Amino acid sequence: MTIKEIQNIIKEFEKSTLMHLELETKDVKIKLSKQKQNEIIEEKIDKNQHTKASGHADDKNKLNKEDQTYIKSPLVGTFYMQSTPNAKPFVQVGQKVKKGQVVCIIEAMKIMNEITSPYTGVVKSIEVHNKDVIGYDQVLMTIGEVVEK
């Protein structure tokens, strides 16, 4: 499937009354949704999964991992960490963010969509690189609770 064909599918989807579309071929898997652009999908990390993974980690680390959530892409597009090529990134790993703060931009159909943090916390990781093409529901970054010292 070519980029042109994918763009045509996106255009036809936007014109239609469909709210959600999933298409999978041998090479490509596309998920499209007409959610509000700034709506972020949050997902709590499975507590049991991290307990098994951390094994002998101390209680402080377990608490931190349990309180992490993911910011996922609400649409298909291109991920940008800053508003212009020479600007500073919206966020960096270890930076505190407030609920509603812009954390990145996703370009879809030549429209720049600001993605905001669903709550206050600390950026634990950024899972994609600047200018990566991202899919619907793809994890963009992990946000954890602020730990007061």
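Colleague: What share of the contacts with a separation of 6 or more comes from residues 24 or more positions apart?
Modeller: This is a predicted model, and its contacts can be sorted by how far apart the partners sit in the sequence. Counting those with a separation of 6 or more, the share from residues 24 or more positions apart is 58%.

Colleague: How many strands does the chain have?
Modeller: Along the sequence the pattern runs α-β-β-α-α-β-β-β-β-β-β-β-β. Besides 3 helices, the count of strands is 10.

Colleague: Which element gives the largest share of the largest nonpolar core?
Modeller: That core has 19 residues, and Ile71, Phe79, Val103, Leu140, Met141 and Ile143 have the most contacts inside it. Two or more residues each come from strand E6 (102-108), strand E8 (121-126) and strand E10 (139-144). The largest share is 4 residues, and the element giving it is E6.

Colleague: How many residues are in the other core, the one with Ile6 and Val28?
Modeller: This core lies apart from the largest one. Ile30 and Leu32 are also among its members, and its residue count is 6.

Colleague: What percentage of the residues count as buried?
Modeller: A residue counts as buried under 20% relative accessible area.

Key: Residues numbered from 1 in each chain as written. Predicted model: local features only at pLDDT ≥ 70, side-chain atom pairs only at ≥ 80, totals over all residues. Heavy atoms only, no water. Core = buried A, V, L, I, M, F, W, Y, C linked by side-chain atoms within 4.5 Å. Buried < 20%, exposed > 50% of the residue type's maximum accessible area, 1.4 Å probe, protein only. Contact = heavy atoms within 4.5 Å.
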